[in-house]
Amino acid sequence: MKKKLLPPRHIAIVMDGNGRWAKEHGLPRIKGHEQGAHSVEESIAACLEAGVEFLTLYAFSSENWKRPQLEVQGLMLLLEHYLHHKIEEMNRHEIRFQAIGRLSELSSNIQEQLEKVRRATAHHCKLTLTLALNYGARHEMIDALRAIVGKVIQGALTPEEITEEVFSQHLYTAHMPDPDLLVRTSGEHRLSNFLLWQLSYAEFYIVKKYWPDFKKNDLLEAIEAYQQRERRFGEVR
Ligand code: IPE
Ligand code: IPE
Ligand code: MG
């Protein structure tokens, strides 16, 4: 009989479809984003129930600045609101919070809030919740490369010492295992510049549902489907 996999240690989600959800409900796009924030709670609850250790959510890409200014502003306000209201809940559920991306390009207010929540929850270890903000995998790799080249120039590292492990340790996700499962809502089959290096061997799970309709049981179903997969990592099994 085929052995069932353990639940994923790390789930990454491309939370997509807020705009289409809003359009279908005759609402402005920002209402879709507001509704999408509830789905974050649903996914956190599923991870806590299933014993998932890391949940990484794609919340704002380095390309999303190209959206209308009003939508970008609305998303930033929503983020501020979320960060302001969630510390207590994160502490209650023993959630460690962090953000990845070029955070220095976000407003100073948001940077301060991110740091505040990170510090307030840093001692927890049940679930690590990571928000990808102003995140782009290509930016991340360029940033890693710059840091590594800097060390080589200083003589702290030789080119031969640059291994996959060393490169991984210079990414924003250093100290996190690679995602086992990638979920994307609203049916699109693309990565949109998300965790290109880290997703090398992740299992993909794509659902038609828009993100605001994606509930706790939907993520539990994704986890169940993952557990039925056979991961080979290039070997013969
Ligand atoms: C995902 O929903 C949220 C962000 C990218 C911030 P979208 O806003 O991309 O929704 P669609 O794809 O337009 O439906
Ligand atoms: C990816 O969704 C980014 C986030 C979910 C934050 P997009 O909606 O921006 O991706 P594309 O434009 O469909 O590739
Ligand atoms: Mg989209």
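How do the residues of the lining of the largest pocket divide into nonpolar, polar and charged? In this predicted model, the lining has 15 nonpolar, 11 polar and 11 charged residues.

That pocket has a volume of about 900 Å³. It is lined by 37 residues, and those closest to its centre are Met15, Asn18, His33, Ala59 and Leu75. Several elements contribute to the lining: the helices α1 (18-24), α2 (29-50) and α3 (69-92), together with the strands β2 and β4 (127-135), each supply at least two residues.

The largest pocket is also where ligand 2 sits.

Some side chains in the shell can be followed down to single atoms. A polar side-chain atom of Ser192 is 2.6 Å from an oxygen atom of ligand 2. For Asn64, a polar side-chain atom lies 3.0 Å from an oxygen atom of the ligand. In Arg67, an N or O atom of the side chain is 3.3 Å from an oxygen atom of ligand 2. Taken alone, ligand 2 exposes 390 Å², and the protein buries 78% of that.

The second largest pocket has a volume of about 360 Å³. Of its 19 lining residues, Ser168, Asp178, Trp197, Gln198 and Ser200 are the closest to its centre. Its lining consists of eight nonpolar, six polar and five charged residues.

Terms used: Residues are numbered from 1 along each chain as its sequence is written. Chains are lettered from A and ligands numbered from 1 in the order in which they are written. This is a predicted model: local features need pLDDT of at least 70, side-chain atom pairs count only at pLDDT 80 or more; totals for chains, interfaces and linings use all residues. Side-chain values use heavy atoms; hydrogens and water are left out. A polar contact is a pair of N or O atoms within 3.5 Å; within protein, one must be able to donate a hydrogen and the other to accept it, and residues adjacent in sequence count only if both atoms are side-chain atoms. Accessible areas come from the Shrake-Rupley method with a 1.4 Å probe; for residues, only the protein chains shown count as cover. On a 1 Å grid over the protein atoms alone, a cavity is a set of points where a 1.4 Å probe fits but cannot get out, and a pocket is an open set with protein on both sides within 12 Å along at least five of seven lines; lining residues have an atom within 4 Å of a point. A molecule sits in a cavity or pocket if more than half of its atoms lie within 2 Å of its grid points. Grid points are joined across faces, edges and corners, and a volume is the space filled by probe spheres set on the points. Helices (H or I, at least four residues) and strands (E, at least two) are DSSP runs, numbered from the N terminus. Ala, Val, Leu, Ile, Met, Phe, Trp, Tyr, Cys and Pro count as nonpolar, Asp, Glu, Lys and Arg as charged, and the others, Gly among them, as polar.
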